[in-house]
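Subject: Structure handover

Hello,

Here is the structure for you to look over.

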Amino acid sequence: MANGMGSLMIGNTGLKASQDAINNVANNLANVNTPGYVRQQVVFRDTSYNNIGYSKNNYKKLTGLGTSIGELVHARDIFLDKAFRTENGRQSYYSAMFEAIDEVQNYFQELEGTAFQEILTGQTSLWQSFQELSKDPSDMVNQNLVIQKGSLFVKRAQAIMRGLSNYQYNINSQISEDIAAINNYAKTIFEMNKQIQAIETGGRETAMNERDVRDYAIDQLSKYGNILYSEQPNGVVSLTFEGVLLVDGMYCYEIGEKTDKSTGYITPYWPHLSNEESGYYEEVLDFSREICTEFDTDIGELKALVQARGNAISNFNDILGADADKYDKTIGMSIMQNTQAEFDQLVHGIVSQINELLAPTKKMDQLIVKNDDGTYSSYSNVRVLDEENCCVGADGKKPPQELFTRSGCERFKTVQAYDPETKKFREYYIYNFEDVDDSKEYYANGKTYHIFDDKNTMVSTYTDFDTETGELDGVVSYSVPYTPWNKKGNEKYILQTINGTDFYVLNENYSYDASKQYTTSEIDINYNLKRQATNLPYINNKQEIDYSLANKLATLWDEQSLTINPRYSTQYTFSEYYKEMIGEIGILGSVYESTTESLQGTVDATENQRAGVIGVSTDEELTKMIKYQNAYNASSRYIQTVSDMIEMLLTGL
């Protein structure tokens, strides 16, 4: 009887094990679409054995007591996990870079039928208007055509620059969203670390769901940057982000947002490693190392976004006289800033060269100006209107009108200056220089100073001047850089003594005024010419129509005068420059696109391999369910048979 009842217990273990296995299959099927879920696999084992005696060879005679669930396998392939997370981060980097480049290409609309090339040199372009002007510079129709096409050129150029800068702010918003996502995933990992530690402390239970959530968070975190992680014996995962500890069992550090007051651009930084009161911020991303696969520095969407956006809105001044190596490590790294600087240099070159033909200037070694307060200023290396070679418009007035104006100042400043020939004071027209970097490097005490380049305009003030001898007397100030648009409290140059010598050193906090530059965002067509097109210069000093000026304007487009950026020395015409710039963007976009597609294939292949290990297959699970149902039915039939046998024995007695 005892053996009979024991047989019932054996059948019961089979029922229970099969039922648990079916429940496990149901759980897998229910979570087939749950992100990060790892399938759980049942492993059966014998419960225990009874020794009922020994054989003649002294072997134990054992009888089994049934089956049970030995363990639930929750398997992951750590090598596939690492490969997937690395390639996922790398693919995200190149994908974000390509998206930015693709957006830049869209703004120039080279494939949309309204390419900037058409505005530049097409049949209805600014270039074409000068071709028509060269036929008859006095024709009002031709003059109006120049004004009209010039206006179209400015509007189209400004639309491109506005689009580029707006997209920078879009990227800036994405950076903020990425930082928030990183912090959220870090918090999730930290919370799961605590829960896993609490559940698994007894050594009898595995926190499978919590591990799935944590692993999924690590998968997602790998998209944003270069991560390294390791699991401790207590089940806690320690994880670093861009080489700095982000989360472990005790700490969860958040990434902060440092916002630039002038641009609003966000820079990720580590608050716990920074001293904000003293102005020191430990930035998350390191761009000092070469970005390449060899060093694993081409990983993470966050890095790509910050790199693509750059740190400011650039213009031609960022290229003007820049060091090639320094440019490559700063402006040149950002697709947005590099494109802005190169495109603005093209616009600046066209605008400034056209203006220089219409309102030419010449250099004077010295110009003595009488000030309103009775003092005299001596300008060195100053530029003034070239009155001998300039033309005027129909009104005959000087200075002649420039075609493109800047919003912050006029082209010329009218002064009373000394004429050495007549030995009298008369009107001169001083050219208002653009507010650009006019410094040079000076090395002293192991440090590089940016001091005023004395080849540029300098001014000295005197109290007295002898018109007959041309001699100045009574120095008030000496060799002060001529920067008439200095803001009080933010002077461009500050007097500083270095090794006993006085120098004017560039103020590090000085903000260049773009409104004083012929930059895309600050130019417009001269209002006086809009109102009266006949004031466009075309009459020379002999009161004749100057065809040579019109021809110079028409042939200006054939002159090779611009280099793309500090990396190149080849000079291009305006049209060649634009084609080279667009070609450079196109090649870069093609490289990033092909790399993105290749890496996407690698990520997909790795993910498919991972799915073979951790993924839930509905077909496989349904097959197992049928198997476990049959096992359940078999155990049930076994119990029924044993029960019938026991009943027969009892009734027979």
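Below are the notes on salt bridges, strand pairing and helix packing.

One point before the rest: this is a predicted model.

Salt bridges

The search of the whole structure gives 32 salt bridges. Three of them are described here.

Start with Glu-231 and Arg-214. Their side chains form a salt bridge, with N to O at 3.8 Å. Glu-231 sits in strand β5 (residues 227–231) and Arg-214 in helix α6 (residues 208–221), so this bridge ties together parts that are 17 residues apart in sequence. Arg-214 has a relative accessible area of 1% and is buried. Glu-231 is partly exposed, at 44%.

Next, Lys-492 and Asp-435. The closest N and O atoms of this salt bridge are 3.0 Å apart. Both partners lie in loops: Lys-492 between β19 (471–481) and β20 (493–498), Asp-435 between β15 (424–431) and β16 (439–444). The pair therefore ties together parts that are 57 residues apart in sequence. Lys-492 and Asp-435 are both buried.

Arg-610 and Glu-607 form a salt bridge at 3.1 Å, N to O. The two are three residues apart in helix α12 (residues 574–614), about one turn of the helix. Arg-610 is buried, with 4% relative accessibility. Glu-607 is partly exposed, with a relative accessible area of 31%. The pair also belongs to a network: shared partners link Arg-76, Asp-81, Arg-85, Asp-215, Asp-219, Glu-607 and Arg-610 through salt bridges.

How many of the ten residues of strand β12 are buried? Eight are, so β12 (residues 376–385) is largely enclosed by the rest of the structure.

β12 pairs with strand β11 (residues 361–370) in the antiparallel sense, over nine bridges. Within that pairing, Leu-367 has Tyr-379 of β12 as its bridge partner. The hairpin of β11 and β12 has five residues between the strands, and Gly-374 there takes a positive phi near 90 degrees.

β12 also pairs with strand β18 (residues 458–466). That pairing is antiparallel too, over five bridges.

The β8-β9-β10 sheet

Three strands make an open, antiparallel sheet in the order β8-β9-β10. The edges are β8 (256–259) and β10 (280–283), each pairing on one side only. From one strand to the next, the twist averages 65 degrees. β8 and strand β9 (residues 266–275) are joined by four bridges. In one of the pairings, Glu-257 has Pro-268 of β9 as its bridge partner. Helix α5 (residues 140–200) lies across β8 and β9, at about 40 degrees to β9.

Helices α9 and α11

How do helix α9 and helix α11 run, roughly parallel or roughly antiparallel? The axes of α9 (residues 335–358) and α11 (residues 547–555) cross at roughly 170 degrees and come within 10 Å. Angles over 145 degrees count as roughly antiparallel, so α9 and α11 are roughly antiparallel to each other. On the α9 side, the contact is made by Ile-354, Leu-357 and Leu-358; on the α11 side, by Leu-549, Lys-552 and Leu-553. Five of these contact residues are nonpolar, one is charged and none is polar.

Best regards

Terms used. Residues are numbered from 1 along each chain as its sequence is written. This is a predicted model: local features need pLDDT of at least 70, side-chain atom pairs count only at pLDDT 80 or more; totals for chains, interfaces and linings use all residues. Side-chain values use heavy atoms; hydrogens and water are left out. A salt bridge is a side-chain nitrogen of Lys or Arg within 4 Å of a carboxyl oxygen of Asp or Glu. Buried means under 20% relative accessible area, exposed over 50%, partly exposed in between (1.4 Å probe, protein chains only). Two strands pair if DSSP finds at least two bridges between them. Axes are lines fitted to C-alpha atoms, for helices over the stretch in contact, and angles run from 0 to 180 degrees between N-to-C directions. Angles under 35 degrees count as roughly parallel, over 145 as roughly antiparallel, 65 to 115 as roughly perpendicular and the rest as oblique. Contact means heavy atoms within 4.5 Å. Ala, Val, Leu, Ile, Met, Phe, Trp, Tyr, Cys and Pro count as nonpolar, Asp, Glu, Lys and Arg as charged, and the others, Gly among them, as polar.
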